[in-house]
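Here are my notes for you to read with the model open beside them. Take the points one at a time and look up each residue as you go.

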Amino acid sequence: MLRVFVFVCLVAGYHVSSVQVPTTTLNDGNQIPALALGTYGSAEDIAKMRQTINLAVEAGYSHIDTASLYGNEDKIGLGIKDVLSRGLVKREDLFVTTKLWNDKHAQNQVVPALRESLARLGLDYVDLYLIHFPDAQNADGSPANIDYLDTWKGMEEAKRLGLAKSIGISNFDVSQIDRLMGNSQIKPAVNEIEIHPTLTQEALVDHCHKLGIVVMAYSPFGFLVDRGNPNAPPPRSDDPKLTDIAKKYGKSTSQIVLRYLLDRGTIPIPKSTNADRLKQNIDVFDFQLTPEEVATISNFNKNKSVFGS
Ligand SMILES: NC(=O)c1ccc[n+]([C@@H]2O[C@H](COP(=O)([O-])OP(=O)(O)OC[C@H]3O[C@@H](n4cnc5c(N)ncnc54)[C@H](OP(=O)(O)O)[C@@H]3O)[C@@H](O)[C@H]2O)c1
Ligand SMILES: *[C@@H]1O[C@H](CO)[C@@H](O)[C@H](O)[C@H]1NC(C)=O
């Protein structure tokens, strides 16, 4: 019987020992896992998303970052259905984040947009709902004159209805955060922003942390991965400053950058659809960088986003 079980597990590629990801407490009392799976990608990535969710949960991922913009919520929903029915996790052990797109910023559009995301995901609540960008657009992409304070009222309603356990923002700067903090009943639990070695965002991260807002770090690999920009500043994945640190801990430079973001108190969101890289990207909880190593990596900062020329 046991031999049959072991055989089935091997054939199914089932990983009995997966990584345990620690959690952090949000300002509303909910727990958020310290690392999330990024899911934004090409049509090819979208096609792989159901399988990716299965692989990721097997490896120990408990937090999935998506958005209505990504066009993959339905595939992610199928993957979640799989892992629940396979008994790998229970719904309450998964943390699902999705985002409101710019063309649904009117206060009365927020809850309906979230209900559409939930229907695609096959869920009755998400753990975290974010305003994807502070700027509103019309359906044709032209700018719309809707104040994010109005959008936020719709977000507060989503939380009160229990459709989102926590609510937050993405791509908000210091002045937008302050204005929201001063004009809201429920404070944002999270701000999701771009952070990596060439865009370290010290001031914005400090500001969020002082206000009790947890920071999620998107595009964590920065220019370590090819962004199609021939003028990309260092570091690349073979930068000697990174490979020295990587050698010391027996890790890859990708893992060093994820650990850097964890050691700065942020939640990295590495994206992969590859089984080996998925495992590598979550295997970052058995070591820590020194403050000097964190400073060495922060010194790469050029205030340079991976988006844009
Ligand atoms: N809120 C926002 O406005 C916003 C904006 C951008 C991104 N995001 C979120 O943040 C997530 C991550 O950002 P991102 O997708 O821009 O970039 P990223 O996670 O920094 O990089 C993804 C790229 O790195 C490759 N990769 C993954 N692990 C690797 C490893 N260990 N070694 C070498 N290469 C590796 C991936 O390829 P493979 O898949 O082939 O491994 C992919 O090409 C997104 O997926 C999305 O969930 C949010
Ligand atoms: C990045 O921007 C901050 C804030 O504007 C500034 O203080 C810092 O000098 C900039 N760093 C670089 C490397 O340009």
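1. Start with Gln255, which sits in helix H10 (residues 253-263); helices here are DSSP runs of H or I with at least four residues, strands are runs of E with at least two, and both are numbered from the N terminus. Before going further, note that this is a predicted model, where local features need pLDDT of at least 70, side-chain atom pairs count only at pLDDT 80 or more, and totals for chains, interfaces and linings use all residues. Residues are numbered from 1 along each chain as its sequence is written, chains are lettered from A and ligands numbered from 1 in the order in which they are written, and side-chain values use heavy atoms, with hydrogens and water left out.

2. Is Gln255 buried or exposed? Gln255 has a relative accessible area of 6%, so it is buried (buried means under 20% relative accessible area, exposed over 50%, partly exposed in between, with a 1.4 Å probe and protein chains only). Its side chain reaches the backbone oxygen of Gln280 at 2.9 Å. Apart from neighbours within four places in sequence, Gln255 is in contact with Gln280, Asp283, Val284 and Phe287 (contact means heavy atoms within 4.5 Å).

3. Now find His209 in helix H8. His209 is partly exposed, because its relative accessibility is 33%. Leaving out neighbours within four places in sequence, His209 is in contact with Val215, Arg264 and Gly265. Also have a look at Thr266: it is 57 residues from His209 along the chain, yet their C-alpha atoms are separated by 9.4 Å.

4. Next comes the sheet. It is an open one of 8 strands, in the order E3-E4-E5-E6-E7-E8-E9-E10, and the pairing is parallel (two strands pair if DSSP finds at least two bridges between them). Strands E3 and E10 (267-268) are the edges, each pairing on one side only. As background, side chains in a regular strand alternate between the two faces of the sheet.

5. Strand E7 (residues 164-170) has 6 of its 7 residues buried, so the rest of the structure largely encloses it. Strand E6 (residues 126-131) runs parallel to E7 and is joined to it by 5 bridges. To trace the pairing on screen, find Val126 opposite Ala164 and Leu130 opposite Gly168. In strand E5 (residues 95-100), 6 of the 6 residues are buried, so E5 too is largely enclosed by the rest of the structure. E4 and E5 run parallel with 3 bridges between them, and Ile64 has Val96 in E5 as its bridge partner.

6. Which residues of helix H3 are buried? They are Met49, Thr52, Ile53, Asn54, Ala56, Val57, Glu58 and Ala59. That is 8 of the 11 residues of H3 (residues 49-59), so the helix is largely enclosed by the rest of the structure. The cover over these buried residues includes strand E3 (37-38), helix H2 (43-47), strand E4 (63-65), helix H4 (73-85) and H11. Just after H3, Gly60 takes a positive phi of about 115 degrees.

7. Gln201 is not a glycine, but it has a positive phi of about 55 degrees; look for it in the loop between strand E8 (190-194) and helix H8 (202-210). Ser219 is another non-glycine with a positive phi, here about 50 degrees. Ser219 lies in the loop between E9 and H9, and it counts as buried because its relative accessibility is 13%. Pro235 is found in the loop between strand E9 (214-218) and helix H9 (240-249). The peptide bond joining Pro234 and Pro235 is cis, with omega about 5 degrees.

8. Among the 31 residues lining the largest pocket, Tyr40, Ser219, Arg227, Lys271 and Phe307 are the closest to its centre. The lining divides into 11 nonpolar, 13 polar and 7 charged residues (Ala, Val, Leu, Ile, Met, Phe, Trp, Tyr, Cys and Pro count as nonpolar, Asp, Glu, Lys and Arg as charged, and the others, Gly among them, as polar). Here a pocket is an open set of points on a 1 Å grid over the protein atoms alone, where a 1.4 Å probe fits, with protein on both sides within 12 Å along at least five of seven lines; lining residues have an atom within 4 Å of a point.

Terms used: Polar contact = N/O pair within 3.5 Å; in protein donor to acceptor, adjacent residues only side chain to side chain.
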